[in-house]
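Have a look at the sequence and the fold first, then read on.

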Amino acid sequence: MLVSRRQFFKICAGGMAGTTIAALGLAPNVALAQTRQYKLLKSKETRNNCTYCSVGCGMLLYSRTDGAKNAVSSIFHVEGDPDHPVSRGSLCPKGAGVLDYIKSETRLKYPEYRAPGSNQWQRISWDEAIDRIARLLKADRDKNFITKNEQGTTVNRWTTTGWLVTSAASNETGWLAAKVARSLGLLPLETQARVCHGPSVSSLAATYGRGAMTNNWNDIKNANVVIIMGGNAAEAHPVGFKWVIEAKIHNGAELIAIDPRFQRTAAVADLYVPIRTGSDIVFLLGVINYLITHNEVNFDYLIANSNASLLVDDDFDFHEGLFSGFDSQSKKYDQTTWAYQTDADGFALRDKTLKHPRCVWNLLAKHVSRYTPDVVNNLTGTSIEHFLHVCRSLASTKSNDRAATFLYALGWTQHSYGTQIIRAAAMIQLILGNIGVMGGGINALRGHSNIQGLTDVGLLSNRLPAYLDLPKESQPTLTQYLQEKTPKALGINEVNFWHNYSKFFVSLMKSMYGDKATKENNWGYDWLPKWDKVYDILQFGKMMRDGEANGLICQGFNPLAAIPDKQSVREGLSKLKFLISIDPLMTETAEFWQNHGEVNDVDPSTIQTEVFKLPSNCFAEENGTIVNSARWLQWHWAAANPPYEAMNDPDIIARIFLRIRELYQQEGGTYAEPIHYLTWDYADANAPSAEELAKDYNGKALADLTDQNGNIVVKKGQQLSSFTQLTDDGKTSCGIWIFCGSWTEDGNQMARRDPIDPSGKGIHSDWAWAWPLNRRILYNRASADANGQPLDPKRLLIKWNGERWVGNDVPDYTLTLAPSAEAGPFIMNNDGLGGLFCLNRLVDGPFPEHYEPFETPIKTNPLHPTQINNPATRVFPEDRARLGTADNYPYVATTYSLTEHFHFWTQHSLLNVIAQPEQFIEIGENLAQQKGIKLGDTVKVSSKRGYIKAKAVVTKRLPTLTINGQQVETVGIPIPFGYAGVMKKSFLVNTLTPYLGDANSQTPEYKTFLVDIKKISE
Ligand code: SF4
């Protein structure tokens, strides 16, 4: 049913509105009264969390059932959970309208099948679907499994089928997918994080040691300066944004919004600063240059906690846009010189006076000296006055009693140098002393509700759970793998927590293979696939279009809309033999073969891909956890069963896997050992419960664990309470080591619901459970001075009491490690320090550097005209040929989200569709005038790769900027539109975007590309 905005208000006025409308306060009183009456009668209240964004707002789901056995529970009302410490009863338009998603008329009801060349779906039974899918998967695996590579090394990998897992699935579903995929030897296993926050992981891990938001939503209220850049929190994370307003009102914080568009965050900011999309590194390195040249530095913090004083290899250099070691043939760096100078013991040399010319600090000062205010103005379009205002505001937080926080999202990540943008901001925070302290941090505002969790679970083609690396083919033995993955400390007393790598790895293998994984068989090392290259979504998409892939499982993932250059993705899907879509809803991907007119103009008879559509549960119909942006694992409960024949995700995975295992038992096949040996001790083999899976990944003792005196501290079979209990001798199992402690002998810690906050500072330690070990602010040792006393007593996180660390937060440090040891607070880094210079952890340089986007409006890079783009970015030749130039596509386009919509899900939710009923683009008044376009005209926006048509919104929100002497216009393109759902059929925006990604993470460059625009009709 399609309803226009005008019709909607007529319906509301007629008193016919549903409870969702009532909950929003848009309906007449009588409807609201009816809602209340339901709750008083026979409703059941169930605690859950919003399925959309990573704020993870608390939700109360009300369902009705008469309580009789086998009675079907039906959710009829949703409202915010007033107990939830972050959302405190609030829901944004998406969350408030979620009932329309749960009950969408486009929810899938039965398994369906599309035969090769057919133009229709046909209903099939689950048994038929599972059997056919298992046979297709087994046939492809048997035919294409590689046991040894050309050099004769055992690699045991399967690359011709891919598996994409959503970022809204629970951790338990993710853990099961990880187990099954790796036991099959499947390498192309990816999650939505690749599309959005991949650079957050690579940059923050390279700088601080962990790739996650450093602080938490509530903590934002402690900030004195809030910089929102590369994101639009008021629009994309509306309820989390309340903590920014809290900081403004109750902490006198200054809010600065830096963005190409005057958006909803800017509308309530103290200062809006326009900037050209994609020029953020210039701005941020300009800030660092300002801080250094004006001596606005927290030197005590800097020397104690960052690697500013460490000495760098004499041969490290930077010249004309290239760091030392670049090979122009391979387009890769030899990183040998990106290293410290070390003494005879291998410890890094340092000069705490910061006078040595080779210390990181002086190399950094030289590197950023080119980023003067004039250069910032020339390349970003930001006025010098605005730029200096931001510099001064940030500089004000160098004192210990003030803090600045950066909030960002995809505006920073989705560039060919996204990782280095985030790095630049992370370095500013080290210089000012704003990491590990209340109100500080680099706060990656994650997108999907569990994008953090599924990143933690390790659903990426080159990862294992909890940031362990999947072995490469150049690591054929366990000994070599562990040697290369276990770092040596670069300082005498450093914690260097990754020295425990072998304990995490062996416990994972015990979790996957139980008794079959033994010391004698290297804990089943051969059973893991060994990779030759990273099978990220861009790599796998290329394999599809090159005819090198045969199958794809899309589990809550919509690659036709998510991977750039839709035409290229559709071409790839058309070459597959089979596609399996597991989803609660119809997706564009599942229907890629169907003609939807101009928005998807294909001929089904020419497409031979077999397609399966399997209906799964949505969030409201499952138990389990999702991880919010602040690393909180929040347990939620099912309020109803999946509708019709829909099945829970773990049940679908289990049935497919068990059928495959059965086929191998009956018929034999290629390398079936790991399939047979995979642990599967679930009460109902066909339906592993969330509780069983959660206990699984937490881990347990497989034998009595004893302390140094031989006393038993954990009995065989008991749940573990900390990853410090893990061993590498086969006595412990643990699927996801950073989640260890989430389900202990005391029960499910993730289900805790006490919102108490004795500190009054937004710690909320007893609500849910945060990884690691319930620490709420990462690196909190940095909040204390050399003697272990708080830098700001009013913002106490932890302090040394003479025997141990105590305080408001769980210490992110060894509990009894005294300050006199002088060990650094960044315990995951082997030097213990925050990385201004990040050594060889990134492929494109130890310092950030500004490169132009691959489609640049200024055709040059004034900083180094011979090196315009990021030299380390991987661009496939056929995709390079599909890049446009400013001659034909003179305008810069950027994509973004809307408050009312979440990607491609809310187009199934009627209320959200009514709120934003039609696809539109935004242009500034100057461009509109040049092109003769008025508000409401239909326009065609074209890139080298295709076009979309949409309504034009002419606005003052997009200023014309002067860049390198020329006028640059920006076209704003909201992303959440498509042709599946109850929305008017619309174009997929990725029709326009280029097929390339961030050099380190391959996250696509969605934020800056070139287009042309013209009016079609009024
Ligand atoms: S979309 Fe995000 S902000 Fe809105 S209700 Fe859901 S979790 Fe909260």
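What follows goes from the whole chain down to a handful of single residues.

First, some housekeeping. This is a predicted model, in which local features need pLDDT of at least 70, side-chain atom pairs count only at pLDDT 80 or more, and totals for chains, interfaces and linings use all residues. Residues are numbered from 1 along each chain as its sequence is written, and side-chain values use heavy atoms, with hydrogens and water left out.

The predictor gives each residue a confidence from 0 to 100, called pLDDT. The protein chain averages 95 on that scale, and 96% of the residues score at least 70. Residues 1-38 are another story: pLDDT stays under 50 there. For that stretch the model has 51 contacts beyond four places in sequence, a contact being heavy atoms within 4.5 Å.

**The whole chain**

The protein chain has 30 helices and 42 strands. Both are DSSP runs numbered from the N terminus: helices are H or I with at least four residues, strands are E with at least two. How does the radius of gyration fit with a compact globule? For 1018 residues, such a globule would come out near 31 Å, and the protein chain has 27 Å, which agrees. The radius is taken over C-alpha atoms, and the globule rule is 2.2 Å times the number of residues to the power 0.38. Along the principal axes, the C-alpha atoms fill a box of roughly 80 × 75 × 65 Å.

Of the 1018 residues, 66% count as buried. Buried means under 20% relative accessible area, exposed means over 50%, and partly exposed is in between (1.4 Å probe, protein chains only). The chain exposes about 33,900 Å², with carbon and sulfur atoms supplying 49% of it; these areas come from the Shrake-Rupley method with a 1.4 Å probe.

As for charges, the mean positions of the 102 positive and 105 negative ones are 3 Å apart. Lys and Arg count as positive, Asp and Glu as negative, while His and the chain ends are not counted. Each charge is placed at NZ of Lys, CZ of Arg, CG of Asp or CD of Glu.

A cis peptide bond joins W771 and P772, with omega at about -10°. P772 is in the loop between β32 (769-770) and β33 (798-800).

Two residues other than glycine have a positive phi. R88 has a phi near 45° and is found in the loop between β3 (74-80) and α4 (93-96). W523 has a phi of about 60° and belongs to the loop between α21 (501-513) and α22 (537-545). Is each one buried or exposed? R88 counts as partly exposed because its relative accessibility is 45%, whereas W523 is buried, with a relative accessible area of 8%.

| Pair | Apart in sequence | Apart in space |
|---|---|---|
| L184 and L579 | 395 residues | 18 Å |
| S942 and G278 | 664 residues | 20 Å |
| G551 and A308 | 243 residues | 49 Å |

L184 is in the loop between α7 (171-183) and β9 (189-191). At 6% relative accessibility, L184 is buried. Leaving aside residues up to four places away in sequence, L184 touches R141, F145, W158, I660 and I675.

S942 is part of strand β37 (residues 938-943) and counts as buried at 18% relative accessibility. Which residues does S942 touch, not counting those up to four places away in sequence? They are Y889, Y947, L992, L1010, V1011 and D1012.

G551 lies in strand β21 (residues 551-555) and is buried, with a relative accessibility of 0%. Beyond four places in sequence, G551 touches T160, T161, G162, F540, L576 and F578.

E128 sits in helix α6 (residues 126-144). With 47% relative accessibility, E128 is partly exposed.
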